[in-house]
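I opened a new page for this structure. These are my notes on what I looked up.

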There are 2 protein chains.
Amino acid sequence: MAERLSDIGERELIRRIGSLLELEGRRSARVSTGIGDDAAAFLPRRGYELLVTCDSMVEGRHYLPASSGSFDVGRRAMALNISDIGAMGGEALFALVSLGLPADMLVRDVEALYRGFLYELNPFDASIIGGNLTGSGGGTFIDITLIGEVEQGKAVRRCGARPGDAVLVTGFPGRAAAGLRLLLHRPQDAGLADHPLVRAYTTPSHRARLGRALAQTGYVTAMTDTSDGFPGDLSHVAEASGAGAEIVKGKIPVDEAVAEAARLLGMDPYEFILGRSDDYELVVTCDPRHVPALQSVAAGCGAEALTEVGRITEGQGTVMVLPGGRRIPLEAPGFDHFRG
Amino acid sequence: MAERLSDIGERELIRRIGSLLELEGRRSARVSTGIGDDAAAFLPRRGYELLVTCDSMVEGRHYLPASSGSFDVGRRAMALNISDIGAMGGEALFALVSLGLPADMLVRDVEALYRGFLYELNPFDASIIGGNLTGSGGGTFIDITLIGEVEQGKAVRRCGARPGDAVLVTGFPGRAAAGLRLLLHRPQDAGLADHPLVRAYTTPSHRARLGRALAQTGYVTAMTDTSDGFPGDLSHVAEASGAGAEIVKGKIPVDEAVAEAARLLGMDPYEFILGRSDDYELVVTCDPRHVPALQSVAAGCGAEALTEVGRITEGQGTVMVLPGGRRIPLEAPGFDHFRG
């Protein structure tokens with residue numbers, strides 16, 4: 001019989017996680033105290049600011065346990081924190097992982113969760129230096145704090161966009177939303193697990209390396225990752241910058257797979273592209289003269305698309321310009337945790 | 001009717017928390033990006049190591065909602081993180097607060113939670129610089145990451161105790177356990193809420209200032225806070241240091257209130273003192289010659305008791321010496337989250 005947490009107890013679970021991290025994770029010479037003391041300790045680097053972000057995932061709310069294995073859930077939870085650090089122009093260093101776990105959870109599922117964390121952290125030589133384990137009455141919750149660093153003065157905030165700045169977006173917004181809809185449409189279809197759009201939802205890739213490379217140019221005036229849907233996150237940038245934004249519908253990159261999923265589902269692809277979608281793409285603004293420079297950085301960074309889609313404007317609100325020239329206001333469709 | 005989270009929604013809740021923190025919390029000039037961006041950013045101090053810890057509280061597991069108001073729950077959740085930073089010899093700087101909240105929770109209870117956090121943070125000029133809000137299917141969970149700092153080389157770990165070192169403990173172990181037992185014994189007794197032992201459980205005070213002052217002397221070889229009960233946490237120190245420990249029963253400080261609660265409940269006070277108790281006192285080890293120096297630091301630090309209770313020994317395991325000279329092994333009674 002597969003072991004459950006209640007079979008081995010907390011102490012043994014901590015021992016096993018410790019040895020998994022030791023064998024499969026990275027270690028940093030800057031960490032003077034790691035897991036197992038009252039707090040972890042590390043030495044900051046001169047000339048760098050520290051970045052810190054945290055994000056939670058709650059079973060049944062942020063992921064569907066039936067369609068996501070623990071490894072993928074771990075990847076996703078870590079990727080979205082890495083995305084946040086990259087969207088500031090920084091690099092991930094150290095994670096603290098706080099888990100609430102039901103006592104009947106399988107030990108191997110907890111180990112798979114940690115392997116998912118490491119899958120995302122190891123490419124950055126980033127490590128898990130602390131955390132907390134507790135029982136949860138009901139489902140699992142995962143709360144990750146990720147610490148990163150960025151050269152002093154190079155952090156890119158949301159609030160620096162200026163009227164006239166170009167608005168760019170990486171990749172193809174809407175892929176995660178289309179993947180989620182496919183999953184909900186055919187919940188029994190096991191073959192869907194490897195569909196590229198479903199993968200975009202269950203294990204989104206982040207643009208953290210690109211975010212950092214763009215920030216290093218000094219040309220980016222504002223940047224954020226898209227976790228609320230592309231228009232919603234663009235609105236956050238515009239609002240924080242005391243400005244408005246205008247995007248041109250014809251310029252928004254449309255992924256062929258999203259278009260096909262929309263056909264299959266009898267929907268308009270723009271419902272995905274302009275709706276809520278946790279894509280972890282980047283919204284970037286810069287002086288229009290710097291667009292080619294940023295695009296060539298993006299091309300050098302794994303050839304990810306960085307598409308100019310509009311402008312920051314005077315005033316407020318985000319509008320979309322239709323092919324005929326008509327301008328329609330875009331509602332930010334951000335998700336509300338307390339209103340469902 | 002009192003407002004609930006579902007009445008005002010996530011955006012408005014975030015706005016209200018932001019304005020509460022602005023009005024009632026501290027601000028630090030070192031924070032270049034606070035709440036509301038992808039990540040917070042701050043400048044580390046030269047010559048200091050950073051400390052980072054996290055701890056969760058889950059409703060119904062770590063606190064009894066019926067007997068704890070939200071303000072007290074907030075205080076407790078923050079105090080135990082502050083205690084961890086102090087037990088390393090550090091000072092609290094910045095907190096990230098991640099909450100899972102049911103949609104029917106009262107807005108004023110969330111505000112009270114934050115006021116509880118600030119009540120503990122403000123005396124350190126520490127501030128909340130980030131966090132996350134999410135819905136929870138069931139009860140509330142609170143996960144706090146606290147960042148602190150300590151002069152490079154001054155962090156005190158658990159692993160530095162040497163055979164022959166004196167073992168000291170602050171305050172009176174067992175108060176929180178006695179308070180919890182009183183609560184469970186008379187759950188309907190509203191008057192109990194202000195009983196000093198019940199307060200020791202619901203809103204424990206930490207010894208973070210004292211921990212920092214002791215660490216500054218350079219005499220402390222190992223230190224930890226007591227969240228698992230005094231013998232359990234002493235065992236952690238001994239084990240991490242590759243040693244054993246011996247405590248003398250007659251030297252352990254017995255709080256008069258604990259003795260009285262034990263009489264009332266028909267129990268032995270040592271069931272509280274040696275059992276599981278989240279007291280957030282400190283266990284400290286040092287060369288025996290330095291005991292008077294540390295005790296005089298403690299006396300200067302609000303006259304908290306710092307009592308010598310035993311020695312670190314060769315070998316392993318923790319034993320207690322009874323008045324007649326008999327030595328009995330002490331079982332570490334640490335709580336197991338997955339076995340209840």
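Which residue stands opposite Val284(A) in β10(A)? I looked, and Met223(A) does. I keep in mind that this is a predicted model.

**Entry 1: strand β10 of chain A**
I followed the partners of this strand next. Strand β8 (residues 220-225) of chain A is joined to β10(A) by 5 bridges, and the two run antiparallel. Strand β7 (residues 166-170) of chain A also runs antiparallel to β10(A), with 4 bridges. There I found Val167(A) with Thr285(A) as its bridge partner.

Then I checked burial. I sorted the residues by face. Leu282(A), Val284(A) and Cys286(A) are buried on one side. Val283(A) and Thr285(A) are buried on the other.

**Entry 2: Met320(A)**
I found Met320(A) in strand β12 (residues 317-321) of chain A. Is it buried or exposed? Met320(A) has 20 C-beta neighbours inside 10 Å, so I noted it as buried. Beyond four places in sequence, its contacts are Ile247(A), Lys249(A), Ile328(A) and Leu330(A). Lys249(A) is 71 residues away along the chain, yet the two C-alpha atoms are separated by 6.2 Å.

**Entry 3: where the chains meet**
I counted 60 residues of chain B in contact with 60 residues of chain A. On the chain B side, strand β3 (residues 48-58) gives the largest share, 9 residues. By class, that side has 23 nonpolar, 23 polar and 14 charged residues.

Strand β2 (residues 40-42) of chain A runs antiparallel to β3(B), with 3 bridges. Phe42(A) has Leu50(B) as its bridge partner there.

Definitions and conventions: Residues numbered from 1 in each chain as written. Chains lettered and ligands numbered in written order. Predicted model: local features only at pLDDT ≥ 70, side-chain atom pairs only at ≥ 80, totals over all residues. Buried ≥ 20, exposed ≤ 12 C-beta atoms within 10 Å, placed from the backbone. Contact = placed C-beta atoms within 7 Å. Nonpolar A, V, L, I, M, F, W, Y, C, P; charged D, E, K, R; others polar. Pairing = 2+ DSSP bridges.
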